[in-house]
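Please look over the sequence and the model below before reading on. The paragraphs that follow go from one part of the chain to the next.

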Amino acid sequence: MASDGETDRAIAEILRVHVSILKRTRARYVEGGIEVRCTRPPSSTKTTEIRWSTRSIIEKRQLVLKHHQEEIALSMQLLAERIVSLNIVDSVSKETVRSYLKKTLINLG
């Protein structure tokens, strides 16, 4: 393609890659020959470790969030049961308690 007078931009568009990738590939080919470009360089284990580390952090946070949500649901249920046991109301759902607390705690001032 380049020998036919095509510009790097035109070649990159045909191959659907960025011009900088095209230039790096050409440079590696010139430096090491076709064997160098046909074999993939070993990937960085540090990058893989970072990916696994990030994934484990996200998974841990999801577990904590799920546990926290379960605790909140249980707390709302216990609070609803306590309100009924104190004969404040005949019956109340945990959702009603949650909604009431949300409205009153937001408007404290």
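**A walk through the helices**

At 32% relative accessibility, Arg98 counts as partly exposed, and its side chain meets that of Glu95 in a salt bridge, with 2.5 Å from N to O. Both Arg98 and Glu95 belong to helix α5, where they stand 3 residues apart, about one turn of the helix. Glu95 is likewise partly exposed, with a relative accessible area of 44%. The model in which this pair is found is a predicted one, and a search of the whole structure finds 2 salt bridges.

The protein chain has 5 helices and 0 strands, so that, from the N terminus on, its elements run α-α-α-α-α. Of the 109 residues in the protein chain, 6% are buried, which here means a relative accessible area under 20%. The protein chain exposes about 9700 Å², and carbon and sulfur atoms supply 58% of that area. Among contacts between residues at least 6 apart in sequence, 5% join residues at least 24 apart.

How do helices α1 and α2 pack, in terms of angle and axis distance? Helix α1, residues 8-15, packs with α2 at an angle of about 100°, and the two axes are 9 Å apart. That angle makes α1 roughly perpendicular to α2, because angles of 65 to 115 degrees are counted in that class. On the α1 side the contact is made by Asp8, Arg9, Ile11, Ala12 and Leu15, and on the α2 side by Val19, Leu22, Lys23 and Arg26.

Two of these contact residues also form a salt bridge, since the side chains of Asp8 and Arg26 meet at 2.9 Å, N to O. Because Asp8 lies in helix α1 and Arg26 in helix α2, the pair ties together parts that are 18 residues apart in sequence. Asp8 is partly exposed, with a relative accessible area of 21%, and Arg26, at 33% relative accessibility, also counts as partly exposed.

Between α1 and α2 there is a loop, and Arg16 is found in it. The phi angle of Arg16 is near 60°, a positive value in a residue other than glycine, and Arg16 counts as exposed at 78% relative accessibility. In this part of the chain there is also a nonpolar surface patch of about 320 Å², made by Ile14, Leu15, Val17 and Ile21. Of these residues, Ile21 lies in helix α2, which spans residues 19-32, and Ile21 counts as partly exposed because its relative accessibility is 37%.

Leu79 and Val97 are 18 residues apart in sequence, while their C-alpha atoms are 7.5 Å apart in space. At 33% relative accessibility, Leu79 counts as partly exposed.

How values were computed:
Residues numbered from 1 in each chain as written. Predicted model: local features only at pLDDT ≥ 70, side-chain atom pairs only at ≥ 80, totals over all residues. Heavy atoms only, no water. Patch = residues over 30% accessible without salt bridge, like charges linked within 9 Å, V, L, I, M, F, W, Y side chains within 5 Å. Areas by Shrake-Rupley, 256 points an atom, 1.4 Å probe, with all protein chains shown as cover. Salt bridge = Lys/Arg side-chain N within 4 Å of Asp/Glu carboxyl O. Helix = DSSP H or I, 4+ residues; strand = E, 2+ residues; numbered from the N terminus. Buried < 20%, exposed > 50% of the residue type's maximum accessible area, 1.4 Å probe, protein only. Axes fitted to C-alpha atoms, helices over the stretch in contact; angles between N-to-C directions. Parallel < 35°, antiparallel > 145°, perpendicular 65-115°, else oblique. Contact = heavy atoms within 4.5 Å.
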